[in-house]
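Thanks, everyone, for making the time this morning. Let me put the structure on the screen, and then I will walk through a few parts of it.

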Amino acid sequence: MTTGATLAGAGVSPPDGARISAPVGKGTGPDSRPSRLPLLLSVVCAALVVGGFALGAYLANLHNGLIAVAFTAVGAFVIRRRPGNRVGWLFMATGIAHAVMFFGRQYGLYSGAHEASTLPAVSWVTWMGVWPLPVVLVLTGVTLMCFPDGALPSPRWRLVVAVMAAAGALLTAVSALWPVEYADNSISVPHPFDLGGYDAVQTVWEVAGRTAYFLFQVAWVTCVVVRLRRASGDEARQLKWFVYAVAMGVVAMVVSVIAFRSPVLGVLAVPVIPVVAGAAILKYRLYDIDVVINKTLVVGAMAGIVTAAYVAVVAGAGAVIGVSASPNLALSLLATAIVAVVFEPARRRVQAWIDRLVYGNRPTPYEALARLSTQLLDGSQRGELLAGLASTVADGVGASEVTLWVGSSDDLVTVASWPPPAGEEKRLPATPTDVESLGDGGRTHVRPILLHGKLRGAITLTKAPGEVLTADEDRLLGDLVAQAGLVIDNVGLGAELQERLHQISVQAAELRAAAKRIVAAQDETRRRIERDLHDGAQQRLVTLALHLQAGADRAASSGDRELARSLEEARLQLTEALAELREMARGIHPAILTQEGLDAALHFLAERSQLPVHVAVTLDRRLPQDVEATAYFVVSEALTNAAKHSGASSVAVEGRLTDGRLLIQVSDNGVGGAEGRRGSGLQGLADRLATLDGRLTVDSAEGGGTRLRVEIPCG
Amino acid sequence: MSAAGGLCDHALMARTVVIVDDHAGFRAEAARLLESAGYEVVGSCADGHSAVVAIAELRPDVVLLDVQLPDTDGFRLMAQITVGAGGPTVVLTSSREAADYGARVGMSGAAGFITKAELSARSLAQVVAPR
């Protein structure tokens with residue numbers, strides 16, 4: 001059986017929008033076989049319930065049988081579909097416990113009703129049906145408290161559960177030893193023990209037992225209310241279903257007792273609760289709950305109003321004009337007429353009032369669809385329309401985040417998102433994204449918006465971890481995506497945005513070209529300065545040095561040793577100055593790079609580095625000047641940094657051409673932590689790299705050496 | 001100093017030199033420097049083309065060859081002349097250092113490289129000493 005987690009994983013699809021959601025709970029994966037335990041327990045439950053009903057039908061025990069069947073069946077079903085959800089097992093346990101109690105009580109009730117019955121071990125079997133009640137009540141309460149995800153709302157509730165369990169255990173022990181529950185449950189067969197002191201225990205039980213039972217109810221109701229207030233998205237919808245079922249059960253019970261003077265109708269409504277709860281866990285048509293509640297409230301309120309109006313007219317007017325209790329045709333007709341006239345206005349008011357009550361200002365998904373169409377016809381504000389679309393999607397499919405993108409497959413920009421961006425972020429990012437990157441940032445679902453077969457945008461959304469898109473949500477999303485295409489088309493956003501995107505990309509290309517030209521011009525200037533230094537000043541000074549040399553030689557041969565020494569001294573100083581000048585010229589632009597290429601230049605850098613540098617560079621051709629210069633300066637900076645800061649004992653420089661991209665890596669074995677030192681030389685180089693579409697990454701964990709990688713496309 | 005003296009003795013055997021450099025100032029200084037050390041400067045050329053002609057004609061013992069020439073460079077020029085074994089001993093020179101030319105100096109077949117500012121009778125003698 002596929003686990004819940006895998007199902008959630010299957011919902012995360014590649015952003016091609018091909019298949020967004022996996023069918024819920026259909027798989028029987030090869031990795032884990034379904035447990036036989038639920039089936040076995042279901043059979044036990046069925047045997048106990050069928051056996052119990054074979055002994056007759058007793059109103060006082062009917063609810064236990066129904067609860068046993070309903071909870072066990074729903075539990076087994078939930079376990080099969082969602083093995084990861086503990087609620088299934090809790091339902092199963094609750095059902096089995098009730099089955100045991102049901103059978104025990106049927107046994108006792110049958111024996112009590114049939115004096116001549118010869119059932120064996122009557123007092124013990126009956127006893128089994130009565131004493132577990134407190135602990136079963138606790139179990140039922142905890143089951144409801146853990147709905148719908150199988151965990152308590154917060155760890156603090158564990159204390160409540162512990163107290164409930166302790167109280168339940170104590171009460172169970174008392175109930176097992178004295179027949180304190182027998183009278184309440186119409187059991188007339190004797191209790192197996194006679195320990196004496198029954199009257200005192202029963203007196204205490206009347207107070208303590210009932211108080212505890214009441215507090216159990218308070219505990220789980222409080223827990224559900226707390227959870228309902230905190231819940232959002234799917235969980236809120238699951239809980240609403242559950243609360244709705246409980247509320248309907250209570251209504252059925254009240255109506256049953258008042259109208260029929262019997263709880264049968266209410267008891268028969270009990271199985272509805274686990275069935276609805278199970279459906280909520282499996283999320284069947286989940287987003288319709290608000291509509292169901294809405295309609296129920298409207299129908300209920302209208303039934304009340306009509307009845308009240310009818311009674312008021314018939315009884316009230318009858319009393320005024322002195323007609324007795326006997327039915328009066330004229331009054332009935334009058335009442336019917338009045339009700340008919342006021343019905344529609346009253347219904348509209350009630351509907352509006354209940355709409356506000358149930359939805360607040362939020363429309364139901366399909367109403368939102370309808371409203372969207374109306375807004376389109378009205379020509380609503382574009383931003384409003386798009387934001388409405390995003391929030392409609394979020395509401396409709398229970399997403400935590402929704403973004404609406406518009407553009408072409410290469411250039412998509414955000415035009416609306418939910419939750420709405422607040423304050424500073426109000427201006428949505430204008431950086432275009434391509435359709436392949438939409439799945440980034442944890443977005444679980446990507447739906448392309450197609451119009452006339454062309455991609456015009458996309459809706460992306462994020463669901464909470466573990467949540468999948470149900471078939472119904474999937475369908476709704478499909479409808480909304482189709483509407484989105486029309487919205488984009490109708491508001492003319494597509495054309496305008498295309499134009500704007502085009503402008504942006506043209507500007508970006510111009511800027512990039514300009515930056516590239518600036519860098520190239522800068523390089524050219526540096527090359528020229530270096531050449532001018534070499535051809536001009538350096539040559540003159542070299543000649544001067546030779547001149548001094550000749551002068552010194554002549555002075556020496558003419559015997560003027562002092563002049564010779566002085567000239568030699570001048571020549572040495574000039575030679576040093578020339579060496580400095582050469583070094584400076586290299587810093588401006590290395591001649592070896594221009595003349596010999598990157599490979600030779602990197603070897604040259606390595607030879608001159610203060611650290612031992614191992615160079616492994618294989619380039620089979622010369623690269624564009626700007627690429628060579630950039631790579632050279634990056635390595636130069638990296639080697640300088642390694643020597644200055646890293647404390648490394650050696651550095652490796654690797655370089656190669658792969659798929660028209662130059663990859664250079666400089667790694668040292670030093671102390672790492674170079675990220676913090678970034679910003680100076682490397683930042684300038686990163687800017688320079690950006691003009692070439694290059695990339696620089698520095699990997700420098702504290703204590704793990706520094707690895708600098710450069711990637712430059714070079715055609 | 002005995003080794004240096006020996007080399008000087010060797011150089012005093014009136015070796016012939018052709019200087020190839022596009023800077024007239026350098027050619028003049030170098031010629032004066034070498035002649036005062038006993039070399040005989042038989043030719044001096046300002047570009048690669050005239051150098052090839054002069055070397056073939058004059059058959060000097062030594063060619064002092066600037067790496068950077070207006071029409072070619074020293075490395076390419078070396079491919080056009082016969083070096084060693086009857087040909088001249090070539091000494092490359094430049095105002096840059098050998099390292100600025102990477103591996104090309106080592107692979108050029110030249111007897112050595114002298115940075116221009118370091119040129120002297122002694123440094124030349126060290127390079128052209130019989131290998």
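This is a predicted model: local features need pLDDT of at least 70, side-chain atom pairs count only at pLDDT 80 or more; totals for chains, interfaces and linings use all residues.

In chain B, strand β3(B) and strand β4 (residues 89-94) run parallel and are joined by five bridges, where two strands pair if DSSP finds at least two bridges between them, and where strands (E, at least two residues) and helices (H or I, at least four) are DSSP runs numbered from the N terminus. Within that pairing, B:Val62 has B:Thr89 of β4(B) as its bridge partner. Strand β1 (residues 16-20) of chain B also pairs with β3(B) in the parallel sense, over four bridges, and there B:Val20 stands opposite B:Leu65.

Residues are numbered from 1 along each chain as its sequence is written, and chains are lettered from A and ligands numbered from 1 in the order in which they are written.

So is β3(B) covered or open? Strand β3 (residues 62-66) of chain B is mostly covered, with five of its five residues buried, a residue being buried if 20 or more other C-beta atoms, placed from the backbone, lie within 10 Å of its own, exposed if 12 or fewer do, and partly exposed in between. B:Val62, B:Leu64 and B:Asp66 point one way from the strand, B:Val63 and B:Leu65 point the other way, and all are buried.

Staying with chain B, helix α2 (residues 24-36) has 13 residues and reaches 18 Å from its first C-alpha to its last, close to the 18 Å expected at 1.5 Å a residue, the expected span being 1.5 Å times one less than the number of residues. Its buried residues include B:Phe26, B:Leu33 and B:Leu34, and just after the helix B:Gly38 takes a positive phi of about 105 degrees.

Turning to chain A, the secondary structure comes to 22 helices and nine strands, and 35% of its 715 residues count as buried. Five of the strands form an open sheet of mixed pairing, in the order β5-β6-β7-β9-β8. β5 (613-618) and β8 (695-699) of chain A stand at the edges with a single partner strand each, so one side of each is left without a neighbour in the sheet. From one strand to the next, the twist averages 10 degrees. β8(A) pairs with β9 (residues 706-713) of chain A in the antiparallel sense over five bridges, and A:Arg695 has A:Glu711 as its bridge partner in β9(A).

Helix α21 (residues 625-646) of chain A packs on this sheet, touching β5, β6, β7 (661-668) and β9, and its direction makes about 10 degrees with that of β7(A); contact here has C-beta atoms, placed from the backbone, within 7 Å, and axes are lines fitted to C-alpha atoms, for helices over the stretch in contact, with angles from 0 to 180 degrees between N-to-C directions.

Finally, which way do α4 and α6 of chain A pack? Helix α4 (residues 86-113) and helix α6 (residues 133-145) of chain A pack at about 155 degrees with their axes 9 Å apart. That makes α4(A) roughly antiparallel to α6(A), since angles over 145 degrees count as roughly antiparallel, under 35 as roughly parallel, 65 to 115 as roughly perpendicular and the rest as oblique. Among the residues making the contact are A:Leu90 and A:Met101 of α4(A) and A:Leu133 and A:Val136 of α6(A).

Technical notes. Two residues are in contact if their C-beta atoms, placed from the backbone, lie within 7 Å.
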